[in-house]
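Take a look at the fold first. Then follow the charged side chains.

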Amino acid sequence: MTSRVAFAGPSNARGLAILCGWGGSKLKNVQKYAELWHRAGWRTATAPMSVDHTFFPRDWTEIGEVSRAIAQHCREHRAARGPDARVAAHAFSNGGTFLMLSLQEDDSALKFDGAVYDSAPTKQIDALLPLGL
């Protein structure tokens, strides 16, 4: 269900920030943080994470569909902007970290040029370091 992802910000932006919401987040709450990225000139792809997405097995929810939609948008962003394109992830808490892991699982070629971990679990961050994040 790609309607769970909101794309906003300057359409010609060099940077794309992927905002991965916390468990139980609502789109309107996560989008407040997108404004920070927009003021910096970045485009955003914002996805909330329901409690189900955070705690139920991936196959039981539509998180894989959300992840694939974001990964596709990242590929299109890089293709349209060439070597100047930048993609950063902004993960909030456990849910956001799980979405980042889902993105990596769906597209192992997806690389982030930077990452913000906002209240993320430290053990998960340690596990992400070998992925080049």
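The text below goes from the overall layout to the salt bridges.

This is a predicted model, in which local features need pLDDT of at least 70, side-chain atom pairs count only at pLDDT 80 or more, and totals for chains, interfaces and linings use all residues. Residues are numbered from 1 along each chain as its sequence is written, and side-chain values use heavy atoms, with hydrogens and water left out.

The protein has five helices and five strands. These are DSSP runs, numbered from the N terminus: H or I over at least four residues for helices, E over at least two for strands. Their order from the N terminus is β-β-α-β-α-α-β-α-β-α.

Of the 133 residues, 42% are buried. Buried means under 20% relative accessible area, exposed over 50%, and partly exposed in between (1.4 Å probe, protein chains only).

What charged pairs does the structure hold? There are two salt bridges, each a side-chain nitrogen of Lys or Arg within 4 Å of a carboxyl oxygen of Asp or Glu.

One joins D107 and R75, with the closest N and O atoms 2.4 Å apart. D107 sits in the loop between α4 (93-106) and β5 (114-118), while R75 is in helix α3 (residues 63-81), 32 residues apart. D107 is buried at 11% relative accessible area. R75 is partly exposed at 40%.

D113 and R78 also form a salt bridge (2.9 Å, N to O). D113 lies in the loop between α4 and β5 and R78 in helix α3, so this pair ties together parts 35 residues apart in sequence. D113 is partly exposed, at 45% relative accessibility. R78 is partly exposed too, at 27%.
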